[in-house]
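Here are my notes on the model, point by point. Please read them with the structure open.

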Amino acid sequence: MAGLFTMAKKEFLDIIAEKKFLLIFGTLLIVILVSTFQGGLEYSSSQSSTTTTTTAPGGQGPGGNETRPFQMMGSVSSLSTALSSMVTNFSLVGGVLAIAISFDTINNEMQRGSLKTLLSYPIYRDSIVYGKYLGGFLAITLVSIVTFMAGIGVFLSVTGLALTMDTLLRLLIFFGISLVYMAIFLAIGLLLSIVLPQPSTSLLASMIVWLSSIQLIPNLGYAIGQILYPVRMSFSEGRPSFSMQSGFTTIRAIISGLSPSTAYENIVNSILTTSELQFTSSQPTIVSVSVDKALLTVAPSIIYFVGLLIAIFAVAYILFTRQEIR
Amino acid sequence: MTSVIELKNLTKKYGDLTAVDHVNYAVEEGEIFGLLGHNGAGKTTTILMLLGLIPPTEGTAIVNGADIKENPLQARRNVGLLPENAGFYDNLTAKQNLSFYAELADVPEKVSSDRCEKLIDMVGLGDKRTVKVGAYSRGMKQRLGIAQSLVREPKILILDEPTQGIDPEGTRDLREIIRGLSKERGMTIIFTTHVLYEVNKLCDRVAIMKNGAIAGLGTIPELRKQVNAAEGEDFEQVFLRYQGVV
């Protein structure tokens with residue numbers, strides 16, 4: 001496609017030379033390094049406590065999963081617990097970075113007066129929209145690679161954890177999902193830059209979408225769940241006790257899961273969960289969770305996640321290719 | 001002579017507003033064609049339709065033998081455009097801007113560098129070639145716009161208000177450039193303007209637009225004759241008669 005790579009190259013070089021990009025990238029890097037360092041320290045201390053208290057030998061549970069008697073809460077889901085703040089910070093700052101890159105992708109060209117010139121060249125509009133998105137995507141890929149390598153490097157050096165194939169696979173999936181997450185916000189910014197003619201308005205709208213994703217939608221899920229399935233309060237022996245109805249959890253999970261940030265955290269936490277508690281006998285046991293099983297559990301969320309990205313980009317693409325440039 | 005642009009009932013409507021109203025004319029090869037009219041007369045809309053940036057509501061146009069509705073990419077393959085209020089990438093120098101457009105137009109890298117340098121010199125920006133465009137004045141950007149429109153060596157050049165923001169000396173230089181491109185390279189040039197003096201000095205033929213329609217079409221003497229202008233009557237008066245003002 002003529003012009004696609006020319007556009008992508010220019011967009012990428014423009015983005016990485018921008019001060020706002022370097023500022024947010026730097027912030028993300030620092031936040032991730034600090035959180036993985038802290039997570040690594042906590043992981044190390046929980047592992048040493050677990051080692052001293054584990055007494056019973058492990059066995060083979062159903063499906064070939066390794067089981068052992070439950071001793072310490074700290075040993076459950078260790079990788080996801082240790083990297084939880086990295087996940088949270090990535091969902092916060094990563095989203096902002098993607099928006100900062102894309103909120104003025106098209107309307108800035110309009111404001112500058114260069115869009116008519118671009119479109120007067122013998123290239124399809126597809127090349128412009130794909131090229132600009134590809135340029136932005138390369139920039140977030142660069143950010144993700146640097147951030148992940150630095151963050152995971154710090155985590156491994158602090159914990160002294162050996163990088164097994166299983167851990168590596170989980171981290172690679174974590175990386176891929178993070179890339180898709182940022183790509184969603186990149187597409188949201190692109191879409192709003194096509195729909196809204198002023199960059200200031202599209203920035204504001206993008207920030208509202210981001211805030212909705214991290215705060216409003218999850219809170220909405222909680223509120224609607226409460227309305228439909230109120231938490232029941234009862235008194236036993238003079239003390240109040242609260243019981244949640246199962247519908248509340250389902251409704252909250254469905255609505256919150258619509259938020260890209262919540263969906264991202266849910267998927268990544270599941271992927272990074274290496275073990276979980278199982279109450280199959282009188283004594284709770286810790287069961288290893290294989291990558292396959294974790295992927296299967298979050299498959300609907302992953303499909304939603306990728307579908308959302310494709311849908312947002314498709315809308316942006318259709319609107320741009322049909323737009324009248326006056 | 002061969003027609004390189006042919007407008008056939010070209011029409012653009014926005015709801016009840018007719019921006020361009022069943023326009024028919026042809027522009028011959030090597031001609032300097034002026035498009036005149038008040039603000040909102042439909043000049044820019046016509047140009048944007050010729051480039052496929054706006055789809056016509058009715059009718060069509062043939063540019064370089066290609067129908068703008070059926071094959072807009074082919075239609076603009078040999079067309080250079082200087083849009084109204086042309087903007088550039090402020091973080092790049094003049095040469096970097098031109099090189100980017102040359103790459104978009106598939107100009108080979110070996111040819112591109114030399115061509116960009118020559119165009120920068122031609123528009124009088126040689127001493128500012130290393131300065132980032134963000135520091136350019138409006139007039140300098142307009143000169144760079146001319147260079148940009150020529151970077152792919154088009155057969156047809158469309159200039160929308162090319163002298164806007166340029167000082168008198170720059171306007172004179174631009175006139176010479178336009179004349180040179182037409183005479184030496186046989187380039188077909190269409191330009192819109194409000195400056196009637198330029199039209200008088202440059203154009204082989206002129207179309208006067210009023211409320212989206214063609215109010216007058218022909219050479220300057222033909223246009224004068226059509227409204228029975230007195231000998232020595234200013235062309236501005238002639239133009240205003242077409243607009244129904246006098």
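1. Start with the loop between β6 and α3 (94-104) of chain B, where B:N85 sits. This is a predicted model. B:N85 is not a glycine, yet has a positive phi of about 55°. Most residues other than glycine have a negative phi. How exposed is B:N85? It has 15 C-beta neighbours inside 10 Å, so it counts as partly exposed; the class runs between 12 or fewer for exposed and 20 or more for buried.

2. B:E161 has a phi of about 50° and is not a glycine either. The loop between β7 and α6 of chain B holds B:E161. With 19 C-beta neighbours inside 10 Å, B:E161 also counts as partly exposed, because a residue is buried at 20 or more.

3. Now the sheet of chain B. Six strands form an open sheet in the order β6-β7-β8-β3-β9-β10, and the pairing is mixed. Which strands stand at the edges? They are β6 (79-82) and β10 (213-218) of chain B. Each has a single partner strand, so one side of each is left without a neighbour in the sheet. On average, neighbouring strands are turned by 15° against each other, direction ignored.

4. One strand pair in detail. Strands β3 (residues 32-37) and β9 (residues 205-210) of chain B run parallel and are joined by five bridges. Within this pair, B:L35 stands opposite B:A207 in β9(B). Strands of a sheet pair through backbone hydrogen bonds, either parallel or antiparallel.

5. α6 (residues 168-185) of chain B lies across β3, β7 (156-160) and β8 (188-193) of chain B. Relative to β8(B), helix α6 of chain B runs at about 155°.

6. On the domains of chain B: the assignment gives domain 1 (3-78 + 154-242) and domain 2 (89-153). Their centres, taken over C-alpha atoms, are 25 Å apart. Twelve residues from domain 1 of chain B and ten residues from domain 2 of chain B make the contact. On the domain 1 side, β7 and α6 of chain B are the elements that give two or more residues. The most come from α6(B), with four residues. By class, this side of domain 1 of chain B has seven nonpolar, three polar and two charged residues.

7. Next, the largest nonpolar core. How many residues does it have? The count is 148. Those with the most contacts inside the core are A:L97, A:I140, A:L186, A:A187 and B:I189. Helix α8 (residues 165-195) of chain A gives the most to this core, with 16 residues. Both domain 1 (3-78 + 154-242) and domain 2 (89-153) of chain B give residues to the core, so it lies between them.

8. Leaving out residues up to four places away in sequence, A:I140 touches A:L97, A:A98, A:I101, A:L179, A:M182, A:A183 and A:L186. Two of these, A:L97 and A:L186, are also listed with A:I140 among the residues with the most contacts inside the core.

9. Last, the chain contact. 20 residues of chain A are in contact with 22 residues of chain B. On the chain A side, α1 (4-17) and α6 (115-119) of chain A each supply at least two residues. α1(A) gives the most to this side, with four residues. The side of chain A that touches chain B has eight nonpolar, six polar and six charged residues.

Technical notes: Residues are numbered from 1 along each chain as its sequence is written. Chains are lettered from A and ligands numbered from 1 in the order in which they are written. This is a predicted model: local features need pLDDT of at least 70, side-chain atom pairs count only at pLDDT 80 or more; totals for chains, interfaces and linings use all residues. Two residues are in contact if their C-beta atoms, placed from the backbone, lie within 7 Å. Ala, Val, Leu, Ile, Met, Phe, Trp, Tyr, Cys and Pro count as nonpolar, Asp, Glu, Lys and Arg as charged, and the others, Gly among them, as polar. A nonpolar core is a set of buried Ala, Val, Leu, Ile, Met, Phe, Trp, Tyr and Cys residues joined through C-beta atoms within 7 Å. Domain bounds come from an automatic or database domain assignment. Two strands pair if DSSP finds at least two bridges between them. Axes are lines fitted to C-alpha atoms, for helices over the stretch in contact, and angles run from 0 to 180 degrees between N-to-C directions.
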